[in-house]
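User: I am new to reading protein models. Could we go through this one in short steps?

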Amino acid sequence: MAEVVKMPKMSDTMTEGVLAKWHKKVGDKVKSGDVLAEIETDKATMDFESYQDGTLLYIGIQEGAAAPVDSVIAILGKEGEDYKSLLDQAGSGAAAEPAKEAAPAADKAPAATPAPAAPKVDLSSIPATVIRMPLLSDTMTEGTIEKWNFKVGDKVKADDSLADVATDKATMEVVGYEAGTLLYIGVKEGEAAKVNDIIAIVGKEGTDITPLLQDGGSAAAAAEVAPAAETKAEATATATATEASNTDDSRVKASPLARKIAKDKGINLNDVKGSAEGGRIIKKDVEEYTPSAKPAAAPVTEAAPAAAPAAAAKAPIVLPTFTGEEKFSERPVTQMRKAISRRLSESLFTAPHFYVTMSIDMDQAIVARTRMNEIAPVKISFNDFVVKACAVALRQHSAINSSFLGDKIRTNEHVHIGVAVAVDEGLLVPVIKFADGKSLSHISVEVKEFAGKAKSKKLQPNEMEGSTFTISNLGMFGVDEFTAIINTPNACILAVSGIQAVPVVKNGAVVPGNIMKVTLSADHRVVDGATAAAFLQTLKQLLEEPVRLLI
């Protein structure tokens, strides 16, 4: 009998999985224990094994696609067996069935709703043009009408500024690019409209604009506006380029503020090159404008040739024009990155963080590590020292080893330390369990093993669960100091920086020293400032006198 295969829940935080790769195809024989597929969870990419024998009858999700936990991803059964009833029962047939029902529904629609058969008004025959809220910046979704420069019934020209619109970045003008009478204003001053919403209609006086408003102006009207706008803009640019600098600049495209500054400075806008969209002149263009040498200067040069060297010395420096190309790449957000984004956002915006920083003298730790590595079976790192010191300190400061659970605070009597490991797709946090009872060599072996598994995506969910405290170490990157976001449900996380060779004061004298800064991020719902400081004092004592770690 055919059996449904569902998306498994491979970690405690997993809500959906991405089918990274199928190892079988429809029609293949499958044995219990065979790897059916590779599934990318929020923590790692893992093999998904079959727990039954049979033939792969159905694949419900393609490679690279995501599916929620417990949704149907495949069906196994006997070759040729009918599995459609299983899809109906599981509800996964909903995606296929509506597609089959959609066609008959579409066929019946014309007969059931004869209303569309009524003749429609030809919008292209209406002597009016719809003006829409333009997209004035790459991030703009809506604009606010700050001021209308005309009222209904006014005559407008093609290059008139109809209104001032406040976007998410600046206040800019909206030019209608159409001549006629302002027949309709759709948005009042101070109100907002989404990009492409109708804000005005310009056309022949007395025109009935009701069909344009009922239709939303989205069909013929929209098609007419864009070409007209481009044609008008090109015509205006050409005319501006051919006019002499002493002609009227009232038709030059410029912002109101730029026009005012130009008037105050006596600058003709025909001489200024606009840097905004469509060559529009803005404030910056006018302020940066420098009048170039005029042809009229030639007679002066002929009359006084001796002044030529001085004039040449004062000539403005002409910089070469550099034209670059804007490029970018995009990639889909992985399941791991989604989980990191979700969990860290919840942590930062839910738990009230506070931060305590302390400097630790690592001179003795450096000496101790050197001596230990001469006889230790494995190389011990400074991170191993920090893990061990934190584990010992947590035994003395149980409030740091706690969790906030809503209506109660859990104080953990065991010490499980999570060690953040950077991988290509984000961050994984394997857990050193019962770290307070393990030697430095034992901790070193486990950390190295977990780091290798993390980078090869072989970490198991149980190896990343149950932490009571977390350490994030960026010392190997030479970081001077940083803060970390709490890895909930832990109450604290320790950010560890690099060891810096700096001058320090010892016994009243300035001497060379090796200082490491650590910053504790704490959840103020569980931990108070004095408690955090006391924990760091104990940690400082343990690292500055490493022999304490062996007692």
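User: Is K151 buried or exposed?
Analyst: Keep in mind that this model is predicted. The relative accessible area of K151 is 56%. Exposed means over 50%. Because 56% passes that cut-off, K151 is exposed.

User: Which residue does K151 meet in a salt bridge?
Analyst: Look at the side chains. The N to O distance in this salt bridge is 3.6 Å. The cut-off is 4 Å. The partner of K151 is D154.

User: How many salt bridges does a search of the whole structure find?
Analyst: The pair D28 and K25 is a salt bridge, at 3.6 Å from N to O. D436 and R395 form a salt bridge too. The search of the whole structure gives 16.

User: How many residues apart are D436 and R395?
Analyst: Their closest N and O atoms are 3.3 Å apart. Yet the pair links distant parts of the chain. D436 sits in the loop between β23 and α12, while R395 belongs to helix α11. The separation is 41 residues.

User: Which residue joins D361 and D363 in one network?
Analyst: Here salt bridges share partners.

User: Is S403 buried or exposed?
Analyst: S403 lies in strand β18. Its relative accessible area is 6%. Buried means under 20%. Because 6% falls below that cut-off, S403 is buried.

User: Which residue has its backbone oxygen 3.0 Å from a polar atom of the S403 side chain?
Analyst: S403 touches several residues beyond four places away in sequence, including K408, P489 and V526. One of these places its backbone oxygen 3.0 Å from a polar atom of the S403 side chain. That residue is P489.

User: What is the area of the nonpolar surface patch made by L348, F349 and Y355?
Analyst: Take F349, in helix α9. F349 counts as exposed, at 69% relative accessibility. With L348 and Y355, F349 makes a nonpolar surface patch of about 340 Å².

Technical notes
Residues are numbered from 1 along each chain as its sequence is written. This is a predicted model: local features need pLDDT of at least 70, side-chain atom pairs count only at pLDDT 80 or more; totals for chains, interfaces and linings use all residues. Side-chain values use heavy atoms; hydrogens and water are left out. Helices (H or I, at least four residues) and strands (E, at least two) are DSSP runs, numbered from the N terminus. Buried means under 20% relative accessible area, exposed over 50%, partly exposed in between (1.4 Å probe, protein chains only). A polar contact is a pair of N or O atoms within 3.5 Å; within protein, one must be able to donate a hydrogen and the other to accept it, and residues adjacent in sequence count only if both atoms are side-chain atoms. Contact means heavy atoms within 4.5 Å. Patches are made of residues with over 30% relative accessible area and no salt bridge: like charges are joined within 9 Å, nonpolar side chains (Val, Leu, Ile, Met, Phe, Trp, Tyr) within 5 Å. Accessible areas come from the Shrake-Rupley method with a 1.4 Å probe; for residues, only the protein chains shown count as cover. A salt bridge is a side-chain nitrogen of Lys or Arg within 4 Å of a carboxyl oxygen of Asp or Glu.
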